[in-house]
Amino acid sequence: MTDMTHTALAPRGDFPLLAANPLLHYLDSAATSQKPQTVLDAITHFYGTANANPHRGAYALAAAATDAYHEARETIAQFLGARDSDTLVFTRGTTEAMNLVANAWGRTHVQAGDEIVITALEHHANFVPWQQLAKSAGAQLRIAELTDDQQVDLDHLASLLSARTKVVAITHVSNAVGSITPVAEVVRLVRAHTSALLVLDGAQGAPHLPVDFDALGVDFYAFSGHKLLGPMGIGGVIGTRARWEECQPWQFGGDMIEWVHDMDSTWNVLPHRFEAGTPNAADAVGLAAAVRYLRALDMTAVRAHEVALLEYAQERLAGMDGLIVYGPPADARSGVLSFTLEDVHPHDLATILDQHNVCIRAGHHCAQPLMRRLGTSATARASFYVYSDTRDVDALVHALVEAQRIFAPVDA
Amino acid sequence: MYQEMILQHYRAPHGRGLPTGPAVHEGARKNPLCGDDMRVGVVLAGDTIAAVGFEGRGCSITMASASMLTDAVRERPVVEARALAAAVEALLRGEVVREELLGGDLRALAGVAAYPQRVGCARMPWLALLDALEEARGTRV
Ligand SMILES: Cc1ncc(COP(=O)(O)O)c(C=O)c1O
């Protein structure tokens, strides 16, 4: 057995929901993470001390709101390795970020006969916006296939790249099976064969791996705050200044304009040009508190903790009859255990596990193209985060054995 | 919820396989939450369901519900099958359903009402049945 104590990386007591439910085994952090008290406090503090409409008042309180929002942007940009914090545009999350890039860049740059390359791993949020852009532009959608352990097949990816490739959009980490994309290798391939826009879906990358945007070499990096201990409704996309300059505004209204004439308008500067309307300043402030919390834990330690849990889980589950675990080995996989158990449908598993206070996700994980390739309609998925510990894994294993007992075929 | 009755139907479902022939009317439903799908086929003789069967993949609740459905509506008048579907729906919503309206194995589905996320699983075959009956009505000359 791996030498591991029961301790989590972050104390359960920091998370009000976990503290209030000591018996709960929350293993669905890939869907959304729990929130530490500091995040809730930061949001309350903003509303209690600095609430006014940012950018819109010539009074001290409005300046406080503007400052808090600005500071949040700097903190989050820095956490993700973007020195130029104005290249971070806030959105509701990854989904809105992908729609932003597909509209703001895609609509003016992708034309009939062009090609958009994605992979079979993608979450629908990084699949459907490109599929629909391709459809409306008359471009061709190309899908890079996977290896037998659900990693992007880099040879196949390379074979799809050409001068016709206008966009390559790829996930940093798969939410459904946990595969980690070798970004440096992808960047090298894409830059060698194309001048395409390279977009990374960081919804599962930012929460679980150290991210250094300036060193990654991609054009856009999208993320969701709620998956990295932050509140729902805030996330963003970081881009290089050169690529942002190529974008057209995609939503129109307050804040994003410079001047509105009767018949035309001019646009505000980055990042405001792409943030129409009253911003979600309070949740940005909450997210800044979340990244400070993660920074204190250290993202290298976060990654190491998840790998240790994953290895512990694999050991505990080794030899379980009828268990199929998807995805690559732990060194190429995020803290995600995606599996099926013979004779037990994932929905039944989730219900029985729930009866044992174990929360897992069962379903297609918003990755139907991937499920088709796995030849299943659904998998069960347990996912770990900083507050997970080996007791959570033990509870999972215990409940799986119980599920198997209930559904065991009766011998004739 | 996982009563022996449900598990028995799940392990060895009745009525598996769609009836064949030109007179088959079919209804198909998908559960978008899990990607499961269910097809129910019927053959009518006058106003009676002469043959019924299902094809699909799903969890124990879906499969047991489909299996029980075929037992319950085979050789029953269409109006009674519709009434049965309504009674199952009420049962799944947690309402009290009298034994005369709905008896036998189907009562085992009552336990599903306590799991709102799973009610859709039990409902799927019945919706497919109603679709099939609707299609039959539409094509009747
Ligand atoms: C890999 C991946 N991409 C995109 C998304 C979409 O994120 P959100 O729903 O926060 O917009 C998710 C989360 O569900 C995800 O896991």
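Here are some questions and answers about a predicted model with a chain A and a chain B.

Q: What makes Arg118(B) and Asp348(A) a salt bridge?
A: The rule asks for a side-chain nitrogen of Lys or Arg within 4 Å of a carboxyl oxygen of Asp or Glu. Here the closest N and O atoms are 2.8 Å apart, so the pair passes the 4 Å cut-off. Across the interface of chain A and chain B, the rule finds one salt bridge.

Q: How many salt bridges turn up in the whole structure, over all chains?
A: The search finds 30. One of them joins Arg373(A) and Glu145(A), with the closest N and O atoms 2.6 Å apart.

Q: What does the pair of Arg373(A) and Glu145(A) tie together?
A: Arg373(A) belongs to helix H13 (residues 368-374) of chain A, while Glu145(A) sits in the loop between S4 and helix H6 (154-160) of chain A, so the pair links parts that are 228 residues apart in sequence.

Q: How do you know that S5 and S6 of chain A are paired strands?
A: Pairing takes at least two bridges between the strands. Strand S5 (residues 165-171) and strand S6 (residues 197-201) of chain A have five bridges, in the parallel sense, so they count as a pair. For example, Val167(A) has Leu197(A) as its bridge partner in S6(A).

Q: Which helix packs on the sheet there, touching S5 and S6 of chain A?
A: That's helix H7 (residues 183-193) of chain A, and its direction makes about 160° with that of S6(A).

Q: Why are S2 and S4 of chain A called edge strands?
A: Start with the order of this open, seven-stranded sheet: S2-S8-S7-S6-S5-S3-S4 (chain A), with mixed pairing. Strand S2 (88-91) and strand S4 (140-144) each have a single partner strand, so one side of each has no neighbour in the sheet. The twist in this sheet averages 20° from one strand to the next.

Q: What do S9 and S10 of chain A form?
A: They form a hairpin, with four residues between them. Strand S9 (residues 257-260) and strand S10 (residues 265-267) of chain A run antiparallel and are joined by three bridges. At least two are needed for a pair, so these strands qualify. In one of these spots, Val260(A) has Ser265(A) as its bridge partner.

Q: What makes S1 and S2 of chain B a pair?
A: It's the bridge count again: S1(B) and strand S2 (residues 36-45) of chain B share eight bridges in the antiparallel sense, and the rule needs at least two, so they pair. Arg29(B) stands opposite Met38(B) in S2(B). Helix H4 (residues 116-139) of chain B packs on the sheet and touches S1, S2 and S3 of chain B.

Q: Which are the edge strands in the chain B sheet?
A: The order in this open sheet of three strands is S1-S2-S3 (chain B). Strand S1 (24-31) and strand S3 (48-57) of chain B each pair on one side only, which puts them at the edges.

Q: What area is buried between chain A and chain B?
A: About 1,400 Å², with carbon and sulfur atoms giving 52%. The contact takes 19 residues from chain A and 19 residues from chain B.

Q: How many residue pairs are in polar contact between chain A and chain B?
A: The count is 11. On the chain A side, helix H12 (346-355) and helix H14 (390-407) each supply at least two residues. The largest share, five residues, comes from H12(A).

Conventions: Residues numbered from 1 in each chain as written. Chains lettered and ligands numbered in written order. Predicted model: local features only at pLDDT ≥ 70, side-chain atom pairs only at ≥ 80, totals over all residues. Heavy atoms only, no water. Axes fitted to C-alpha atoms, helices over the stretch in contact; angles between N-to-C directions. Contact = heavy atoms within 4.5 Å. Buried area = accessible area lost by both parts, 1.4 Å probe. Polar contact = N/O pair within 3.5 Å; in protein donor to acceptor, adjacent residues only side chain to side chain.
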